[in-house]
Amino acid sequence: MKGYKHYGSKTATGSRWWYFQRFSGLVLFVMVLLHFAIMHFIPEAGMRVSDASGKAFATFESVRLRFANPMWKAFDITFLVLAVGHAYNGMWQVFMDWKVSDASKALIKGVLAALWLGLLAVGVTTLVTFKG
């Protein structure tokens, strides 16, 4: 909604982040359920290999084969971007509940943004360049 501000927001930007938090939480919930079901209950689609004792584990080969599929890479990159963005936004909102000075807010925002960008850079680079 154009120009809409949620409670406590000084600008409409706060409202966009509020909606992002709800949207990303919902999508992450569905992605976690899919990830869990595929990785733990569908051995052919996931990474489970059973040894003679029946204990399941992942092998490097199963990971390599999974990441050879561009759809899995897209799923994992989306999962990573949403999870890190959701965590960043949630931490920012927790810090904004504290009554701190504008200088402290700027410092906190800078540290969180650096962590967010760093985690995204490492994660996406790892997923994109993984060749096995």
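The model is predicted: local features require pLDDT of at least 70 and side-chain atom pairs count only at pLDDT 80 or more, while totals for chains, interfaces and linings use all residues. Residues are numbered from 1 along each chain as its sequence is written, and side-chain values use heavy atoms, with hydrogens and water left out.

**The whole chain**

Begin with a cartoon view, in which 4 helices and 2 strands may be located. Helices (H or I, at least four residues) and strands (E, at least two) are DSSP runs, numbered from the N terminus. From that terminus on, the order of elements is α-β-β-α-α-α. Of the 132 residues in the chain, 26% are buried; buried means under 20% relative accessible area, exposed over 50%, and partly exposed in between (1.4 Å probe, protein chains only).

**Helices H3 and H4**

Next, select residues 70-97 (H3) and 102-129 (H4), whose axes come within 10 Å and cross at roughly 170 degrees. Axes are lines fitted to C-alpha atoms, for helices over the stretch in contact, and angles run from 0 to 180 degrees between N-to-C directions. The crossing makes H3 roughly antiparallel to H4 (under 35 degrees counts as roughly parallel, over 145 as roughly antiparallel, 65 to 115 as roughly perpendicular and the rest as oblique).

Among the residues involved are Ile77, Leu80 and Tyr88 in H3, and Leu112, Trp116 and Leu120 in H4.

**Aromatic residues**

The whole structure holds 8 aromatic pairs. Rings of Phe, Tyr and Trp (its six-membered ring) pair if their centres lie within 6.5 Å; planes under 30 degrees apart count as stacked, over 60 as edge-to-face and the rest as tilted.

Select tryptophan 17 and phenylalanine 20: their ring centres are 5.5 Å apart and their planes stand at 85 degrees, so the pair is edge-to-face. Both residues belong to helix H1 (residues 12-41), 3 residues apart, about one turn of the helix. Tryptophan 17 is partly exposed at 32% relative accessibility, as is phenylalanine 20 at 22%.

Finally, select tryptophan 72 and phenylalanine 75, both buried. Arginine 66 lies over the face of tryptophan 72, 4.0 Å from the ring centre; a charge sits over a ring if NZ of Lys or CZ of Arg is within 6 Å of the ring centre and within 35 degrees of the ring normal.

Conventions: Contact = heavy atoms within 4.5 Å.
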